[in-house]
Amino acid sequence: MKALRDMTNEELQNEALRLTKIYNNSHDAWHRQCLDEHFEELEEIAAERGIEL
């Protein structure tokens, strides 16, 4: 998997959509917590670049 900071803006947006689908299908609290942490990193990078996910 490509590092988040190395992704293009479009790749970041696609990754956010992919993770949202996984999150919505997950019923495991631990799994959702891991996804939340990944989302936070995605949002931080998006904010630095001035894009909205």
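Contact here means heavy atoms within 4.5 Å. Keep in mind that this is a predicted model, where local features need pLDDT of at least 70, side-chain atom pairs count only at pLDDT 80 or more, and totals for chains, interfaces and linings use all residues. Residues are numbered from 1 along each chain as its sequence is written, and side-chain values use heavy atoms, with hydrogens and water left out.

**Stop one: Ile45.** Select Ile45 and hide its neighbours within four places in sequence; what remains in contact with Ile45 is Leu4, Arg5 and Leu12.

**Stop two: Leu4.** Now click on Leu4, in the segment before α1. (Helices are DSSP runs of H or I, at least four residues, and strands are runs of E, at least two, numbered from the N terminus.) Is Leu4 buried or exposed? Leu4 counts as buried, because its relative accessibility is 6%; the cut-offs are under 20% relative accessible area for buried, over 50% for exposed and partly exposed in between, with a 1.4 Å probe and protein chains only. Leaving out residues up to four places away in sequence, Leu4 touches Leu12, Glu15, His38, Glu41, Leu42, Ile45 and Arg49.

**Stop three: Arg5.** Next up is Arg5, also in the segment before α1. Arg5 is partly exposed, at a relative accessible area of 46%. With residues up to four places away in sequence set aside, Arg5 touches Glu44, Ile45, Glu48 and Arg49.

**Stop four: the core.** Select Leu4, Met7, Leu12, Ala16, Leu19, Leu35, Phe39, Leu42 and Ile45, and you have the largest nonpolar core, nine residues in total. (Such a core is a set of buried Ala, Val, Leu, Ile, Met, Phe, Trp, Tyr and Cys residues joined through side-chain atoms within 4.5 Å.) Both α1 (9-25) and α2 (29-49) supply at least two residues of this core, and α2 gives the most, with four.

**Last stop: the helix pair.** Show α1 and α2 as cartoons: they pack at an angle of about 160 degrees, with their axes 10 Å apart. That makes α1 roughly antiparallel to α2, because angles over 145 degrees count that way, under 35 as roughly parallel, 65 to 115 as roughly perpendicular and the rest as oblique. The axes are lines fitted to C-alpha atoms over the stretch in contact, with angles running from 0 to 180 degrees between N-to-C directions. To see the contact, pick residues including Tyr23 of α1 and His31 of α2.
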